[in-house]
Amino acid sequence: MAAANSDRTAFWRGARDAGPFVLVAGPFGALFGVVASEAGLNLAQVMGFSVVVIAGAAQLTALQLMTDQAPALVVLLSAIAVNLRMAMYSASLAPHLGKARLWERALVAYMNVDQTYAVSVLKYEDEPQMSLSQRLAYFFGTCVPIIPVWIIATYVGALLGQSIPTDWDIRFAVPIAFLAMVAPALRTAAHVAAAAASVILAILFAGLPYNLGLLPAGIGAMIVGAEVERRMGARFTPPAGGGK
């Protein structure tokens, strides 16, 4: 009984800690619904897209390429490139949740988005004494204000989009949405370096068809960011043997 109460407490703490991200998930979910509807997707397609992927940046990237009538393979590869950061998120969560049951890890993978990851991994690092069941409960708690809000907001946005006159081209909102998502994340030198590298590479490869420049830009940015973070970590790590 005590363990159940502890897990329940962890769950609701996760929901509380992730609550402020509703201010991000709601507007961007609605924006995706509106832009997708305006681009010609019907309500079922918009909702299927959002429920299956649950990734604003990848969804907007794929939507832009679909609007440009890019081949399906290009759309898939570009969306995967944008979402490669989820592989790093998963690797970071593995020491904390890797011993969970297969179905639990599958649910974590499905609901592992920027907000749920960021809140959860900070909690795990601050409270390493948490049990596995508490960690899982906390993670799933962080999903409560994020995943349902994203899906509901997408639905509302799609309904609104269907009521917008066809001569109102609002696709300009896509790059604005990307800027709004990226800017708050530029908190460290590694983040800034990765962003700068992505901009430079995107410009260099801008001539490629179907916005394929996104692929080398995304991969190159991750390499640059990881290298800057590695060098900064080495710089502040004391030498072996406790020397000064």
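Of the contacts in the protein with a separation of 6 or more, 77% are between residues 24 or more positions apart, where contact means heavy atoms within 4.5 Å. This is a predicted model, so to be clear on the rules: local features need pLDDT of at least 70, side-chain atom pairs count only at pLDDT 80 or more, and totals for chains, interfaces and linings use all residues. Residues are numbered from 1 along each chain as its sequence is written, and side-chain values use heavy atoms, with hydrogens and water left out.

The protein has 13 helices and zero strands; helices are DSSP runs of H or I of at least four residues, strands are runs of E of at least two, and both are numbered from the N terminus. Of its 244 residues, 39% count as buried, meaning under 20% relative accessible area, with exposed over 50% and partly exposed in between, for a 1.4 Å probe and protein chains only.

The axes of helix 2, residues 22–38, and helix 4, residues 56–67, come within 11 Å and cross at roughly 10°. Axes here are lines fitted to C-alpha atoms, for helices over the stretch in contact, and angles run from 0 to 180 degrees between N-to-C directions. Helix 2 and helix 4 are therefore roughly parallel to each other (angles under 35 degrees; over 145 is roughly antiparallel, 65 to 115 roughly perpendicular, the rest oblique). On the helix 2 side the contact is made by F32, V35 and A36, and on the helix 4 side by Q59, L60 and L63. By class that is five nonpolar, one polar and no charged residues (Ala, Val, Leu, Ile, Met, Phe, Trp, Tyr, Cys and Pro are nonpolar, Asp, Glu, Lys and Arg charged, the others, Gly among them, polar).

Next, the rings. The structure holds five aromatic pairs: rings of Phe, Tyr and Trp (its six-membered ring) with centres within 6.5 Å, called stacked with planes under 30 degrees apart, edge-to-face over 60, and tilted for the rest. One of them is Y89 with Y117, stacked at 4.2 Å centre to centre and 5° between the planes. Y89 lies in helix 6 (residues 85–97) and Y117 in helix 8 (residues 114–126), so the pair ties together parts 28 residues apart in sequence. Y89 is buried at 16% relative accessible area, and Y117 is buried at 15%.

Y124 and Y138 have ring centres 6.5 Å apart and planes at 65°, so this pair is edge-to-face. Y124 is in helix 8 and Y138 in helix 9 (residues 132–143), 14 residues apart. Both Y124 and Y138 are buried.
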